[in-house]
Amino acid sequence: MDGVPAPLRCFNERHSAEMFVDDGVETVTSVEQKKVEQSIEEVVSVYKQIHSLPQPTLLREQHYLYLKKGLRHLSDAYECLDASRPWLCFWILHSLELLEEHIPAVVASEVCQFLARCQSPTGGFAGGPGQHAHLAPTYAAVNALCIIGTEEAYNVIDREKLLDFLWSVKQPDGSFVMHVGGEVDVSCQNWEGGLSGVPGLEAHGGYTFCGTAALVILGKEHMLDLKALLRWVISRQMRFEGGFQGRCNKLVDGCYSFWQAGLLPLLHRALFKEGESELSRQRWMFEQQALQEYILLCCQNPTGGLLDKPGKSRDFYHTCYCLSGLSIAQHFGNTDLHHEMILGMEENRLAPTHPVYNICPEKVARALQFFLRLPVPGGSKQPEASAEDRQSDPAADNDATATGSADQS
Ligand SMILES: [Zn+2]
């Protein structure tokens, strides 16, 4: 940045030409879409009136205080997330690391002890102490422990039993159910180009990110139709709003700033591996500035925390994924080839996030260094055909993924 604020895209007089046109056919969806655009137009016009020099600001201090409080105390509104408590640990800890806020050793240790109580005696992590193991909180707990990154944190994970749990939810068709007796989650790319939960359903940002990231970990991203996926995901960035929608014909939502924009680093790297020669060495294949404008102008609660869209309330989930998406939009490349595009003041800069695991790249490297020294637990329940792959591949692939922390260029 040279000190002169970049002109905002949403201040441009041609911006309103990007608004939705219903071609005279009004539907429930088109009415909702217009309402959202109107609310965003109001936010932008108020911002214009107050700021002659457009310098959108990340409300760091407010977000920090909101997150710090959440680690110790949650309001009654969070009762419905009683089966997602490791998620709350991850959302808050990851938001704090993106803001480069230190987590005191005592607090980190308390989080480790809490997550240990969420671990099921039969392996895997549950949504809370005494509940059944489930894949989603297992992912959140492992990520949270890796963010803490101490030996105490790593040692919470009972890897042998975790492997038993993973085999217990693996299905003959290659998919996984979320828990014993639960539903299948993420198994296919469909005609739209994105991925859906099960064959025949519509493509969705969350499934698409998780499925694609899983294939990157396995080194099998070439099995996807990458160009179709690229076309699908970039079409999910909203013309007027600048943020992303999760599915075709849905409304913009701050959390897809990560689930959708996070696909672009994965795709950049996958296409690079396939020998694609036209890839930029400076930017991802989406409007990075437009996304930053949406997050900074429309998704911040003035008293801390981020949200879905104007008029919605803040929560830790949206705080985590708005900040994660903002980080992706600010940083291109990896440690070797890095290009920053920070909208607004330099203080808006967040730490980079690892595009596969969505924790900071140093934390991924440190966790891999620790776990790769340990033997792979010798589970006896692996299906014959894949036992060999499972035991030899992940380490090598993970290593490549981490050290190349995305060789996305
Ligand atoms: Zn959302």
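Modeller: Arginine 72 counts as exposed, because its relative accessibility is 56%, where exposed means over 50% relative accessible area, buried means under 20%, and partly exposed lies in between, with a 1.4 Å probe and protein chains only. The model is a predicted one, in which local features need pLDDT of at least 70 and side-chain atom pairs count only at pLDDT 80 or more, while totals for chains, interfaces and linings use all residues. Residues are numbered from 1 along each chain as its sequence is written, and side-chain values use heavy atoms, with hydrogens and water left out.

The side chain of arginine 72 meets that of glutamate 110 in a salt bridge, 2.8 Å from N to O, a term for a side-chain nitrogen of Lys or Arg within 4 Å of a carboxyl oxygen of Asp or Glu. Arginine 72 belongs to helix α2 (residues 60-72) and glutamate 110 to helix α4 (residues 105-118), so the pair ties together parts that are 38 residues apart in sequence; helices here are DSSP runs of H or I with at least four residues, strands are runs of E with at least two, and both are numbered from the N terminus. Glutamate 110 is partly exposed, at a relative accessible area of 36%.

A search of the whole structure finds twelve salt bridges, and another of them joins glutamate 202 to arginine 247, with the closest N and O atoms 2.8 Å apart. This pair links distant parts of the chain, since glutamate 202 sits in the loop between β2 (195-196) and α8, and arginine 247 in the loop between α9 and α10, 45 residues apart. Glutamate 202 is partly exposed at 39%, and arginine 247 counts as partly exposed at 24%.

Within helix α1 (residues 28-50), glutamate 32 and lysine 35 are three residues apart, which means that about one helical turn separates them. These two form a salt bridge whose closest N and O atoms are 3.2 Å apart; glutamate 32 is partly exposed at 32%, and lysine 35 is partly exposed at 48%.

Finally, Glu221, Arg269 and Lys273 are linked in a network of salt bridges. Glutamate 221, in the loop between α8 (205-218) and α9, counts as buried because its relative accessibility is 4%. Leaving aside residues up to four places away in sequence, glutamate 221 touches Leu215, Val216, Leu226, Arg269, Ala270 and Lys273, contact meaning heavy atoms within 4.5 Å.
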